[in-house]
Amino acid sequence: MRNPVFSFSTTTTPVADCARRLSVLAAAMLAQMLNLSAHAATADISNAPMAAPNAAITRAPAVSVQKHTLDRVVAVVNDTPILQSQLDTAMAEAQQMLAAQNRRLTPEQLRRQVLDQLILQQIQLDVIKRQGIRVDDSRVNAALLNLAKQQGIDSLAQLQQQLDREQAGSYQALRQQVSQELAMQTLQQQQVARRIKISDQDVDMFLASPESRALDQVEYRTLHVLVPYPETGKAPTNAEQRQALQVADKIADALKADQADVNAVVADAQAGYPAEIQGGDMGFHRAGELPRDLSRDITALRVGQVTAPLPTARGLNVIKLVEKQGNDQQIIDQWQVRHILISPSVTMTNELAKQQIESLYEQLRQGADFATLAATYSKDPGSANNGGSLGWVGEDEMVPQFEQVMKNTEVNDFSTPFETQYGWHILKVEGKRQHDVTDIYRRNKAREALYQRLAPQALEDWLQELRAQAYVNIMPEAQTTS
């Protein structure tokens, strides 16, 4: 079956980044439990995920590991109280984050912003509860293991043992926070995706704009020489322009040599020229990093080719493309595949499904037509009506077990029965090719870039609407101190 997370490239929007990385506060909480330094816990704070409009202060742990002798309600969100102990814990951790960034807030500002974040957190948790959003244990385990490895711990068992040795219940407290963060990130992704609509026309306009240069992954190494006009405070005269052009033409001819020494070329051209000629080996740069007024000319060069003198306001530029690395063309392997799927169900146990797929395998070995068997018996509604055809399939489109068998099956041959989470399969490979998906890749990257641009505002708008619709009562003492 196709893997639902397949795409030609990884989405890198602020909201998607939340799904890949937990709040730094979770790492801070873990470090605090382990009695590690605040620096170790917050070293990566500059990339903290966006959980609310104010990126400097994210939400606090849902369960505090600190002991409090006195507690009071500082705010009520819908029907849930926020306690002073929660606010104190959140403020302490936010202070660590700010210190790691060399940022300062007054105590009043810090308290107000942290309380706002706790309120937004609780509102989102209420939505999560109403919608029944659940986070798989596997996601929680993976996130916890990532946090553990950041602190030099190799396994969840070791993490749990070490945390609970420091304070009973600490591991469960961290696990609860991680689960809540992942649920919030899922909710945010859903809401932002509903608000952002990117049309094909939007993609076309982006690709036609200078911004699309940032999608170019090719790196260009150039020799670049500028022959400046004399700096007299006036526009260059015709004579000065002719002189600069003669020098630039001489430099262009010299740079055409296979092993041209740009420094020697500049030194030779400098003799007798009134303004200082500048130039050298510029190293590797992506297209988006090249000078905007020259990038189109540079990216059009073949390796070893030299431009004619290119005029700008400062003077004449001569550029040689020495080397080019990376490839702006995206070629992928694809397999043309059919498959038969027998899925366990209420009326069919896994053992019966296995017996049926083995029976179909024996029929194939006796010469039965694969497409006919797939159309008759396969439980995959998306392909059974087409003789089990999945069309052309690329890497990472299918679940790992399916892909591995597909890659190991010869063209015009079929596999032995194998199992995935969807049931029992037999697949047949009918062809293999290399396919150019450059246009699809670039359009996907353009769509992602547009999404990344729009996501922060969409998230902020949704959070503001969420806050406006909720019942929030901040206690008078909390309002006064904040």
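Let's start at one residue: E362 sits in helix α13, residues 350–365. Helices here are DSSP runs of H or I with at least four residues, strands are E runs of at least two, and both are numbered from the N terminus. E362 is partly exposed, at a relative accessible area of 37%. On the cut-offs: buried is under 20% relative accessible area, exposed is over 50%, and partly exposed lies in between, with a 1.4 Å probe and protein chains only. The C-alpha of E362 is 9.7 Å from that of T416, and the two residues are 54 apart along the chain.

A word on what we are looking at. This is a predicted model, in which local features need pLDDT of at least 70 and side-chain atom pairs count only at pLDDT 80 or more, while totals for chains, interfaces and linings use all residues. Residues are numbered from 1 along each chain as its sequence is written, and side-chain values use heavy atoms, with hydrogens and water left out.

Now the overall picture. The chain has 18 helices and 12 strands. Of its 482 residues, 44% count as buried. Take contacts, meaning heavy atoms within 4.5 Å. Among those in the chain with a separation of 6 or more, 74% come from residues 24 or more positions apart.

Next, helix α5. G132 follows α5, with a positive phi near 70°.

What does α5 pack against? One partner is α8, at an angle of about 80° with the axes 10 Å apart. Axes are lines fitted to C-alpha atoms, for helices over the stretch in contact, and angles run from 0 to 180 degrees between N-to-C directions. So α5 is roughly perpendicular to α8, a label that covers 65 to 115 degrees. From α5, the contact includes Q121, L125 and I128; from α8, it includes Q180, M184 and L187. By class, this contact has 6 nonpolar, 7 polar and no charged residues.

Compare a second pair. Helix α9, residues 200–207, and helix α17, residues 438–469, pack at about 95°, axes 9 Å apart. These two are therefore roughly perpendicular as well. Among the residues that meet are D200, D202 and F206 in α9, and R442, R443 and L450 in α17.

On to the interior. A nonpolar core is a set of buried Ala, Val, Leu, Ile, Met, Phe, Trp, Tyr and Cys residues joined through side-chain atoms within 4.5 Å. The largest has 53 residues, and I82, V114, L115 and V178 touch the most other members. Elements giving two or more residues include β1, α4, α8 and α17. Which element gives the most? It is α5, with 10 residues. A second, separate core has 21 residues, including L223, A252, Y273 and A275.

Most residues other than glycine have a negative phi. N102 is not a glycine, yet its phi is positive, about 55°. N102 is in the loop between α4 and α5, and is exposed at 73% relative accessible area. D396, also not a glycine, has a positive phi of about 70°. D396 is in the loop between β8 and α16, and counts as exposed at 53% relative accessibility.

Technical notes:
Parallel < 35°, antiparallel > 145°, perpendicular 65-115°, else oblique. Nonpolar A, V, L, I, M, F, W, Y, C, P; charged D, E, K, R; others polar.
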